[in-house]
Amino acid sequence: MESSTTPTGCITSSLPEEKWWESDEPLYQFNGFWFRLSNLQGVQQVLEHFKPLATDVILASFPKTGTTWLKSLLYSIINRSSKESLISNHPHDLVPSLELQLYKKAQVDISTTETVPSTGTRVFSTHIPYQLFTDHTIRSSECRIVYITRNPKDALNSFWHFVSKSGTETWPLEVAVDKFCHGIVPFGPYYDHVLGYRKESLERPRKVLFVTYEELQNDTKTCVKKLGEFLGCPFDKEPEVEEIVKSCSIETLKRHEVNKSSDFTRWIELPYNSFFRQGGLGDHKNYMSAQMIERIDAITLEKFHESGFIYGI
Ligand SMILES: Nc1ncnc2c1ncn2[C@@H]1O[C@H](COP(=O)(O)OS(=O)(=O)O)[C@@H](OP(=O)(O)O)[C@H]1O
């Protein structure tokens, strides 16, 4: 879809607005998706100015679905010779977010960015929904995209913990569930986000690789090999795969001083340690009531299963 409107001038004046979480800024709906104002400005810059190179690798995700994990894996796979840099660098600094970087750099030429020095490959992340990209940017480029998704209940549970921890007030989980079910969550609706990339991965499997947090969790080694093949750097030594799996595990990453730090990350004004909680599958069961689970499952059935995607319950 060619995005029809671009927010310019008074960026939000004509956009639908919704309260998301009491202590946070409101969300604005732009071309069917919800954004914080600070995100929207970055998204606009990317949509207007980002020109991917054919060699670029873009990690796309809905928030809280495994972005940080996949950042460390992609960086380590592409840049195998300097895996040790994960020890002193946070994955979010090694693989910068497109929308946050462009926003902060205020249109400075992004081509000067060095992300993976040993190969020259640039690796960026983005939470921008595929539907928003125009034919002139990522869609027509030869760049490769790896999309990660996660069970919606675990993703929302992770988001809720993240938001609750960063604010002064508690955010009732029932409110978070209600907003999520209405699609009102930064970069949401979650379901449209996932389906946009999934459709492209089915139509253009050499361009978009679709992976899930669950498959990564259940068989990290196989996924790492699949990523290597997709990125054009397949593995021929099993120990190399094993080493990457280990060095990118949440247990290993949590031990690095940089990831224990409560300082703000370079691009995102959030503490380094806030991207590592516990990881794993099914933690939503410890927080969500049966009613909340039922409600999300009903929407998952309607949105995913009815469109042929059996996932998320
Ligand atoms: N290496 C590794 N392995 C497994 N899981 C990991 C890893 N790193 C981060 N995490 C967990 O991923 C959740 C955060 O999601 P994101 O990284 O997508 O967050 S963000 O969008 O970048 O803000 C969040 O999940 P929850 O623990 O369920 O909250 C993190 O703990």
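Let me start with a question: is Lys153 buried or exposed? Lys153 is buried, at a relative accessible area of 4%. Buried here means under 20% relative accessible area, exposed means over 50%, and partly exposed is in between, with a 1.4 Å probe and protein chains only.

Before going on, the ground rules. This is a predicted model, in which local features need pLDDT of at least 70 and side-chain atom pairs count only at pLDDT 80 or more, while totals for chains, interfaces and linings use all residues. Residues are numbered from 1 along each chain as its sequence is written, and side-chain values use heavy atoms, with hydrogens and water left out.

Now the partner. Lys153 forms a salt bridge with Asp297, at 2.7 Å from N to O. Lys153 belongs to helix α6, residues 152-166, and Asp297 to helix α14, residues 290-303, so this pair ties together parts that are 144 residues apart in sequence. Asp297 counts as buried too, at 16% relative accessibility. By salt bridge I mean a side-chain nitrogen of Lys or Arg within 4 Å of a carboxyl oxygen of Asp or Glu. Helices (H or I, at least four residues) and strands (E, at least two) are DSSP runs, numbered from the N terminus.

By that rule, the count is 12 salt bridges. Another one joins the side chains of Asp56 and Arg122, with 2.6 Å from N to O. Asp56 is in the loop between α1 (37-49) and β4 (57-61), and Arg122 is in the loop between α5 (98-105) and β5 (123-126), so parts 66 residues apart in sequence are tied together. Asp56 and Arg122 are both buried.

Next, a pair with other accessibility values. Glu242 and Lys221 form a salt bridge, and their closest N and O atoms are 3.2 Å apart. Because Glu242 lies in helix α11 (residues 238-247) and Lys221 in helix α10 (residues 220-230), the pair ties together parts that are 21 residues apart in sequence. Glu242 is partly exposed at 39% relative accessible area, and Lys221 is partly exposed at 31%. What else is linked with them? A network of salt bridges takes in Lys221, Lys225, Glu238 and Glu242.

Last, back to helix α6, where Ser158 also has its place. Ser158 is buried, with a relative accessible area of 14%. Apart from neighbours within four places in sequence, Ser158 is in contact (heavy atoms within 4.5 Å) with Lys64 and Arg150.
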